Amino acid sequence: MNPVPHETILIVGHGSREDSGNQEIREFTEQWRARRPDWRIELCFIEFAPPEMNAALLSAARSSRRVLVVPLILNAAGHVKMEIPEAIEQVRAACPQTEIMLAPHLTACDPVLAILKRRLRKGMNALDMPDPTTTGVVVLGRGSSDRGANGEMAKMARWLLEEGDHELVDLAFTGITWPRLEKVVQRQVLLGMRQVVVLPYYLYTGTLMQRIHRQVEHLRGQYPQVRFVCGEHFGFEKEIFELMDQRVEDLRAGVPDSRLPCDGCSYREIAHDLGHGHSHAHTHDHAAAPTHDHGHEHGHEHGHEHAHDHGHPHEHVHHEGQPA
């Protein structure tokens with residue numbers, strides 16, 4: 001009988017209706033395994049693709065003494081804040097002998113900024129007149145009903161502005177929230193931009209990346225006097241592998257803030273029971289919900305206004321394409 005491995009690293013991807021995006025995550029997993037041959041690395045998806053997260057997590061917990069759950073997801077919305085921790089709690093109850101630790105998502109950080117800056121340089125080099133004073137930049141993400149996830153994207157757009165020469169670095173979303181790409185481009189053209197670089201804030205391809213390229217083609221026809229360049233998703237950049245490495249090493253070393261703050265948070269259950277779904281609204285007027293005072297900083301937004309109402313079969317169009 002083979003010995004039970006001590007540790008399993010479980011990648012959690014979001015999953016897409018477009019299997020090409022799922023296939024890219026599988027390819028990322030293979031590349032990461034090749035970079036880390038001594039690690040037992042497994043993959044699962046929250047939805048749309050096998051292996052399914054709950055089953056994969058249970059399998060990993062039964063065959064390991066420790067499971068490190070590492071979301072391959074850029075922004076923390078409902079899936080990261082609610083569904084992954086809930087799945088972990090269920091498996092902890094079923095496999096109490098196994099230690100399960102959940103790392104944060106990739107977050108808005110300097111390594112991701114480095115990717116955006118490189119993408120912007122590539123886009124500028126594709127222009128006939130790479131002048132930042134006449135070139136608008138649009139950081140384009142999927143959009144969420146979670147203000148914390150949208151805020152992380154806003155931070156990246158601001159950092160890109162502060163570390164470059166462009167006078168206009170705007171934020172746009174493909175769905176759920178505003179502004180949309182068409183409106184942002186309209187404003188930039190009115191302000192005199194003669195070139196626009198669109199930077200998709202996506203890890204992998206999928207239906208939304210396909211939609212973005214169609215939208216940019218439409219804008220080329222709508223504004224024939226403006227030159228457009230559209231970047232690509234950035235899931236295979238070296239910084240993504242390095243971030244995933246860092247998540248694992250930090251969990252192993254017990255580095256402060258190396259675990260997702262909402263892992264093990266009882267107030268998430270209260271929010272779920274009160275019908276707030278993905279929302280983390282920890283401070284309620286309801287008698288059943290005590291005031292939330294963990295003694296730690298969560299680092300993400302918990303407001304009611306982004307409640308997904310987890311109890312209904314909600315649309316996930318805004319979660320496609322990347323994961324997550």
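Analyst: Start with the elements: helices (H or I, at least four residues) and strands (E, at least two) are DSSP runs, numbered from the N terminus. Asn22 is found in helix H1, residues 19–35. The model is predicted: local features need pLDDT of at least 70, side-chain atom pairs count only at pLDDT 80 or more, and totals for chains, interfaces and linings use all residues. Residues are numbered from 1 along each chain as its sequence is written, and side-chain values use heavy atoms, with hydrogens and water left out.

User: Is Asn22 buried or exposed?

Analyst: Buried means under 20% relative accessible area, exposed over 50%, partly exposed in between (1.4 Å probe, protein chains only). Asn22 has 2%, so it is buried. Beyond neighbours within four places in sequence, Asn22 contacts (heavy atoms within 4.5 Å) Gly15, Ser16, Phe45, Phe48 and Ala49.

User: How is a pair of packed helices described?

Analyst: By the angle between their axes and the distance between the axes. Axes are lines fitted to C-alpha atoms, for helices over the stretch in contact; angles run from 0 to 180 degrees between N-to-C directions. Helix H4 (residues 110–125) packs on helix H8 (residues 238–253) at about 175 degrees, axes 9 Å apart. H4 is therefore roughly antiparallel to H8 (under 35 degrees is roughly parallel, over 145 roughly antiparallel, 65 to 115 roughly perpendicular, the rest oblique).

User: Which residues make the contact of H4 and H8?

Analyst: H4 gives Pro111, Val112, Ala114, Ile115 and Arg118; H8 gives Glu239, Ile240 and Leu243.
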